[in-house]
Structure formats: C-alpha cells, structure tokens
Amino acid sequence: PAPGTGAAPALAPNDGGADAGPRIQILVQPPSSQPNPPLGGPVAMFRSDPQHTGRSPFTLPARQPTERWRFEVPARITAAPSLGHDGTVFFGAHDFSIYALRPDGSLRWRRATQDIVWGTPALGSDGLVFAGSDDDRLYALAAADGAQKWAVAPGACKRAGGRGPEGARCDLEQVTLGRDGTLFVAGDGVTALAPDGTVRWRYLPQRKVHCGGAPSIGLDGAVYAVCQDALIALNYDGSKRWEWFAPAEIDQPPALAPDGTAYLGCDDRKLYALDPLGQVRFSVLAGGPIRAAVALGPGGVRGGSGLIYAASYDGTLYAVRPEGVIAWSFRTAGALHAAPLVDAAGSVLIGSRDNRLYALSSTGRPLWSYPLDDDVDGAPVLGPDGTIYVGGDDRALHALR
C-alpha cells in the first residue's frame, strides 16, 4: 500500500486481559462533520451509503403500488439501480451494458462494456457515473450523455473469458464512494482510486481469491472487504487491521453500524455480528445460506443499530435485535437472493424468487405485495417521491408508485 493519509496511528485497547493477544494498530481518520461524501443523487451507490446500511430516507407507499413504466433489456438485471438528482435512473445488466433512463422511463443513453455488469452504478458529485464490469474494468462515464471519460483495469489478472477462478478473480462488481471522493473497488484485492482513475493504493490478499461486492467504509475510515471466506479490515490508507475467516463463503460485504459493528451473512446459514476488532459478538442461525447484503433498521442506542435484517435462501426474512435475538421472521414462497431495503419509517421491502415484491412493517406485518414476471434478484431502491425501482430476471427495470 501507498503511504498513509496523515492520520496519527492509535492502538486499539485489548478487551480480554493479558491473554487477549497482540494489540491491533488502527489508523483513525480525523473527525469529519460530513461522514459521507457529497453524492450525485439521492440513491448514489450500492446499499445507499458507504456503510452499506440499506436504509432509505424516503417512505414506501402505504398501499400496493401500480406500474408507472417498465424498460425492457435483453438480459437479467441482478443489482439495484441508482438515482440522480434530476431523476435519471442508472443501472447495469447482463447484456454487458450500463443504462441511463429519463424519469419517464425512456432511454437517455446506453454504454456497452465487454462483459456482464453485476453492480449498481455509483454517482459522484462531479457528474460522473462509475461502474464495474466482469471485463475487469472500472468505467467513468459522463452522467449527461454516457461519454467515456476513462476506464481502468486495476487487477493483476490476465484478461480471460469464461467463469473459471482465474477468469473471474479480477471481475469488478460494485463501487463505493469514500468521503474524500476516493473510489473503492474489489476484485483480485482491494483498490482505492482517485476520481481521475489513478490508483492510490492496492491491497492484495495472501491467497489468490476473488474479493466480491463493494468495500464497506466505516465512520472511522475502516475499509471492509469480503474475499471468499474472509472478511478483511483495512485502514483508510490500505494498511491491514485484521482478517476474520468464516466457516464458509461470504457473498456480500458487511453493513456497518455507527458503533463499528459489522453485520454480514454467510453460506453456513448464519448471520454474524463482529466488533471493530474482528471478534464475533454473536451469530444467528437461519434455515439456509444468507447471500444477500444485510440491512440495518433505524434507531438503536449508544451508536448501535435498530433491527438487523437478513434474507435467507430458505425464503425467510429474519429481523434480529442488536443483542442477537430474532425479533420476528417473514416467510415467502421462494429463496431470497435480493437484499432488503428499509425506509424512513422502518418498513422493509424485499424481493423473492417467488416472483413477488413484499412490503412489511417494522414489526413484520405484511403491508402489501406486488407480482412480477420472474425471480426478483435485484434489490429495490426508493425515490424521493415514493417510487420503487426494481429489476429482475424478467429482463426489465420496473418503476412502481
């Protein structure tokens, strides 16, 4: 990694007495009155914010919505869209493309890449759209017309087709925007880039693995990345804090509470809560793998979270209290691959492979459901006017209001 950001190093205290093991060096970011970066829209990145909370400041419709419009594409949509300040909707699809739609659902522009686009485009305050692709590149496009400003392949892999380990190791999926405009991506490791595409630093795991999703950024500047079965915590300058190995693979980076607790699901059917030193606070067993990103409800005390929402392949959405006790659960008729969304009132929106979108109250009471034409593997997002945007295996992006 390149030299640090100038923050003074501080030692994290041991919490287990003389046998607690080595102390961990943590570089603390200077206090900031603006913990999150200026963004290019109300929904500007994967999971809405750098902490990947999955929370929206807007409110879901109280009754079942109707479809305002749909935009059909030639392939599946498996990620949430992002929303610009002017109402433009940006999304990626499996037809190797990044799309921008006007607020009425008509096409503004389409930009082709050389492989599948899995992730949510990130919107910078400088009018640029950042999106990763399985062609190992991060693209910077003009939000206005899709013109390519630059493209960078930060990984160390030889470009390879196919879906094998070497062909997929440097795939870029999601992008996280840091508070100073830094772009964080994962692939064969973790890379931090300046807004002009210059690599600031790279962290490579000791093993040849694929690091998936978008790194999560804590309020203290910690960078969390998932590399197959490992959760790796880095300082903001790329130096390593700690590494935690799960019993099975982890699909998505954690959701981070204000107190630094990291919540993430695992293929061993458990939801884990880890403290800022990488120690497991609790785990909760579900009936199937938890591959979707976790969402955090509003509220909580002492810098913690409210309810923690985990979607499982057993078709159940679990609402877990911060002490690790299940508050309630809601069963659908299909596996849950999409991540849940939590609105300003604490209501939850979740898509299922039973071809439906479900809205639930903060207590788990069903509010309404909406039928779609195929599996809902894309996470929904919510616009300022209450419009829901969601894509799925039916090869369409839907706007519901």
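Hi everyone. Before I show you a strand pair, one definition: two strands count as paired if DSSP finds at least two bridges between them. Please keep in mind that this is a predicted model.

Let's start with strand S9, residues 128-132. Which strand does S9 join through 5 bridges? That is S10, residues 138-142, and the two run antiparallel. Within this pairing, Val129 has Leu141 in S10 as its bridge partner. The two strands make a hairpin with 5 residues between them, and Asp136 in the turn has a positive phi of about 75°.

Strand S8, residues 122-123, also pairs with S9, in the antiparallel sense and over 2 bridges. Here Ala122 is opposite Phe130 of S9. This hairpin has 4 residues between its strands, and Gly127 has a positive phi near 80°.

Now, is S9 buried or exposed? 5 of its 5 residues are buried, so the rest of the structure largely encloses this strand. As a reminder, side chains in a regular strand alternate between the two faces of the sheet. In S9 both faces are covered: Leu128, Phe130 and Gly132 are buried on one side, and Val129 and Ala131 are buried on the other.

Gly127 brings us to my last stop, the second largest pocket, as Gly127 is one of the lining residues closest to its centre. What classes of residue make up the lining? There are 7 polar, 6 nonpolar and 2 charged residues.

How values were computed. Residues are numbered from 1 along each chain as its sequence is written. This is a predicted model: local features need pLDDT of at least 70, side-chain atom pairs count only at pLDDT 80 or more; totals for chains, interfaces and linings use all residues. Side-chain values use heavy atoms; hydrogens and water are left out. On a 1 Å grid over the protein atoms alone, a cavity is a set of points where a 1.4 Å probe fits but cannot get out, and a pocket is an open set with protein on both sides within 12 Å along at least five of seven lines; lining residues have an atom within 4 Å of a point. Ala, Val, Leu, Ile, Met, Phe, Trp, Tyr, Cys and Pro count as nonpolar, Asp, Glu, Lys and Arg as charged, and the others, Gly among them, as polar. Buried means under 20% relative accessible area, exposed over 50%, partly exposed in between (1.4 Å probe, protein chains only).
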